[in-house]
Amino acid sequence: MANHPLISYVEEARGRGMSNKQIIDALTSAGWQTHDLTNIFLEHIEVSREPAIPESADSIVTVRNVSKIYNKTIKALDNVSLEVKRGSVTALLGPNGAGKTTLVRILTTLLTLEHGTARVAGFDIVRDAQELRSVIGLAGQYAAVDETLTGRENLEMVGRLYHLSVPTSRQRADELLHQFNLDEASDRVLKTYSGGMRRRLDLAASLVIRPQILFLDEPTTGLDPRGRFALWHVIRELVKDGTTVLLTTQYLEEADQLAHKIFVIDHGHIIAQGTADELKKQVGGDVLELHIADHGLIDETVRLITPFGSEAPRVDEDTNIITMPVSGGASILIDAVRELDSANIKINDIVLRRPSLDDVFMALTGHSAE
Amino acid sequence: MNNFSHTFSDIRVMTKRNLIKYRRVPQLLVFSTIQPVMFLLLFTYVFGGAIVTGTGTYINYLLPGILVQTVLFGAMQTGIGLVDDLSRGMIDRFRSLPMARSAVLAGRTITDVIRNLFVVILMTIVGLFIGFRIDHGIFNFLGAVALIALFGFAFSWVSATIGLAVKTPETAQVAGFIWVFPLAFGSSIFVPVSSMSSAIRAFAEHNPITYVVNTVRALTLGLPVGNNIWFALAWIAGIMIVFVPLAVNRYRSIS
Ligand SMILES: Nc1ncnc2c1ncn2[C@@H]1O[C@H](COP(=O)(O)OP(=O)(O)OP(=O)(O)O)[C@@H](O)[C@H]1O
Ligand SMILES: [Mg+2]
């Protein structure tokens, strides 16, 4: 992969100040297939985020003091308030059981709102539930498509249930099947679809009416890197056309790639909010991750590398992995290696990576996300 | 906005979708066609000689009963189908759409009426080949079919209520058998009630299935219908009055 002929071209083009989109367009018109580009871009290009949304944009979602208690005991949401700006991508970032799905289900009228108030697209989600349903799209955490129907039949059915006419439903199904690269599979029943194809069809179903706001609950879970990248691309295109997106994810990386604004949610609380950069600043930059061979040398290693970090190192005793937020860039990696080398500490692996959800969690709450 | 025509269209879309499923899922197709026909042939040829009914050939006695039994067993599919949709997340998809709230249940039960009519006709045709005769007027026979369909519709709502209460397809299947079997065998479907022991007989005489079977049988055999038809219709009405609201309520409280 590293020697791929495209890489030098891409790097050179970026050096000349071409945007990613211009590079992709140029390569596509030169005959490169999407999947070649996907691989390159996935590994070697940091895709620039959309420009910030205008300050004046109004809220399309307003959540005020919403709580949800399941079975009188499990507090899935605890006094959550948030806003989503029209035209933006907003991410709900949190670990398993944080309450992401619960919030999405409340906002899409699947769960009854018991405590608090919420408006979506100008509608009160309780009083105007039916009107609301005709302007939103939802792709839930698990694909909700009909196994025994074909891809086309699924989309046409959804169109008809949105009360589009038969010809319009048909035309929209065609467009979406094409957009999601399902032309060839369009007349096959879903039993023959792969998990990724099903997800794509599910997403297509949520776009049948070109919703004002699209809810995506962990849209890329279960997709391979290529599928994930393709989906990010689709989401960006939708946003370009004016769709607002509220998505949930467990990956800071994904929120970083897509979202203008991130709400970090844990145990039903919003524990932080801001742009990806703002959240990462809380971690203090990148993260140095170090795997040493000899368990007995952990304390010594920690002592040696602590001066390089912006915060104290964290040790996982089971795996001999030490992680530490750093702010000095790549040179720190080299300095750390030298230091440990001269102390004769054998390193299995050392990387400098961007902070993960777990790192942010550590910084925010002092406990791990798991 | 034209609410009524939307509701109508939603029900049609749901019915069409459910019918496609019956056609494409082999188990469903077998359950709803081959199995009832097999029952008909088995009962006619295996037990036919042993069961004395006093109505000439056993097929003429059996067919009305087995038609009713078929729609009764078929009603179990209503609950199973709903729970299947529920467990696969389809109901979530439907509930997030601006479709009529009633369309999922109505589409489901109407589909099952259509499927019942199809099976009843299929079985009648097979029956005609093995000796069944429509000797007492085509209108009597059509009336009998209409009653069977109505009866199946009523029990679909019972099945829907149970299905939505138990929430997994497997449990719905088991729960279905628990109420369907006693009702089917404690009735005049296979043998005259007069041949049963006194305890079961008390149950069988008041069993709604017995009233329906007796009415259907009287219509096809050209016997007096008597009060059976009124009891049958009263039972059907009573079941619907109780179970339609229960099912709808269950559906509304899905979360
Ligand atoms: N129907 C339910 N009945 C009872 N408890 C529930 C129900 N649904 C969710 N919960 C509980 O509510 C909490 C929040 O769950 P939720 O599904 O919203 O989390 P999530 O952030 O979507 O997690 P994941 O990343 O695993 O999908 C969890 O503790 C979960 O066990
Ligand atoms: Mg979830």
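How many salt bridges does the rule find across the interface of chain A and chain B? In this predicted model, the count across that interface is 5. One of the salt bridges in the structure joins the side chains of A:Arg105 and B:Asp92, with a nitrogen-to-oxygen distance of 2.6 Å.

The size of an interface is often given as the accessible area lost when the parts come together. Here chain A and chain B bury about 2400 Å² between them, and 56% of that area lies on carbon and sulfur atoms. On the chain A side, the residues that lose the most area to chain B are A:Leu110, A:Leu161 and A:His163, which together account for 27% of what that side buries. The number of residues that each chain brings to the contact is set out below.

| Chain | Residues in the contact |
|---|---|
| Chain A | 28 residues |
| Chain B | 26 residues |

The axes of helix H9 (residues 208-221) and helix H10 (residues 228-252) of chain B come within 8 Å and cross at roughly 135°, which makes H9(B) oblique to H10(B), because angles over 145 degrees would be needed for roughly antiparallel. The crossing in which H9(B) passes H10(B) is left-handed.

From H9(B), the residues B:Pro208, B:Tyr211, B:Val212, B:Asn214 and B:Thr215 meet B:Asn228, B:Ile229, B:Phe231, B:Ala232 and B:Trp235 of H10(B). Sorted by class, this contact of H9(B) with H10(B) holds 7 nonpolar and 3 polar residues, with no charged residues.

Technical notes: Residues are numbered from 1 along each chain as its sequence is written. Chains are lettered from A and ligands numbered from 1 in the order in which they are written. This is a predicted model: local features need pLDDT of at least 70, side-chain atom pairs count only at pLDDT 80 or more; totals for chains, interfaces and linings use all residues. Side-chain values use heavy atoms; hydrogens and water are left out. Axes are lines fitted to C-alpha atoms, for helices over the stretch in contact, and angles run from 0 to 180 degrees between N-to-C directions. Helices (H or I, at least four residues) and strands (E, at least two) are DSSP runs, numbered from the N terminus. Angles under 35 degrees count as roughly parallel, over 145 as roughly antiparallel, 65 to 115 as roughly perpendicular and the rest as oblique. A crossing is left-handed if the near helix is turned anticlockwise from the far one by less than a right angle, and right-handed if clockwise. Contact means heavy atoms within 4.5 Å. Ala, Val, Leu, Ile, Met, Phe, Trp, Tyr, Cys and Pro count as nonpolar, Asp, Glu, Lys and Arg as charged, and the others, Gly among them, as polar. Buried area is the accessible area (1.4 Å probe) that two parts lose on being put together, summed over both. A salt bridge is a side-chain nitrogen of Lys or Arg within 4 Å of a carboxyl oxygen of Asp or Glu.
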